[in-house]
Amino acid sequence: MDKMLIIIPAFNEEKSIGAVIAKIRHAPIEADILVVSDGSTDNTAAISSRLGAHVINHAFNLGYGGALQSGFRFALNKNYDMVITMDADGQHDPSYIKNLLEAKVRDGANIVIGTRFIDSDYNAGFFKRAVISMFSTIIRLYTGRTITDPTSGFQLMDKAVLSYLSHGDNFPLDYPDANMIMLLHKKKFRISETPVKMFNRLDGISMHSGIRPLIYMIRMLLAIVMVMLRRD
């Protein structure tokens, strides 16, 4: 059986991280859990450790991508065969990890993205859905593939993808979404998508709240241009 690690980037998620870990423990899967506490100033790391998860504790906040890359390097050093990335806010249902695993086998995929927009009643806000649709269109024009949820943080990656994203500047340190999908396609990795269920976050403020979606959109467009111009 493949050795699997669930990576959870977390920034001040003490009110939700315990419930997230508990749900993973009750899911019908065999996997270790790693919480990357990304400069948290609350009890996120202590709670995670007390519940038996591996913990990486960043002294400073490196951002979502930086936290994930730390997790990828941990997975490679500990010889895991694949990782599942999940959010710390309770939005992802770990019982749907089986969907990711089935899609990997069915499609021979290196990376499987869990989408909330197929066979689901998930209600994203109008602006958020418009931004997601725009990036989905860009991905389709560039790759010829339809990815309905390029902003999903619920993903499976195999060791080949981990090895590539763990080195140098191959992995974006702020928002690894449409740009990452396009880069992996450019590098001939096989990408698949499968339905999953997502909930509203258990507590706290989304990183896509306020004017952040506008900032995200601008930065992602710039990142996409950089992928298209990249020659290596």
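In this predicted model, helix H4, which spans residues 97-107, has four named buried positions, Ile97, Asn99, Leu100 and Ala103. Seen down the axis of H4, these buried residues fall within an arc of 155°, so they line one face of the helix. An α-helix has 3.6 residues a turn, so residues three or four places apart point the same way. On the other side of H4, by contrast, Val105 and Arg106 are exposed. Past the end of H4 comes Gly108, a residue with a positive phi, near 60°.

The buried residues of H4 pack against several strands, which are listed below with their residue ranges.

| Strand packed against by the buried residues of H4 | Residues |
|---|---|
| S1 | 4-10 |
| S4 | 82-85 |
| S5 | 111-115 |
| S6 | 155-158 |
| S7 | 191-195 |

Elsewhere, the surface carries a nonpolar patch formed by Phe126, Phe127, Leu214, Ile218 and Leu222, which together have about 570 Å² of accessible area. At least two residues of this patch are supplied by each of two helices, H5 (126-143) and H8 (212-229), and the largest share, three residues, comes from H8. Phe127, one of the patch residues, is placed in helix H5.

Terms used. Residues numbered from 1 in each chain as written. Predicted model: local features only at pLDDT ≥ 70, side-chain atom pairs only at ≥ 80, totals over all residues. Heavy atoms only, no water. Patch = residues over 30% accessible without salt bridge, like charges linked within 9 Å, V, L, I, M, F, W, Y side chains within 5 Å. Areas by Shrake-Rupley, 256 points an atom, 1.4 Å probe, with all protein chains shown as cover. Salt bridge = Lys/Arg side-chain N within 4 Å of Asp/Glu carboxyl O. Buried < 20%, exposed > 50% of the residue type's maximum accessible area, 1.4 Å probe, protein only. Arc of directions from axis to C-beta. Contact = heavy atoms within 4.5 Å.
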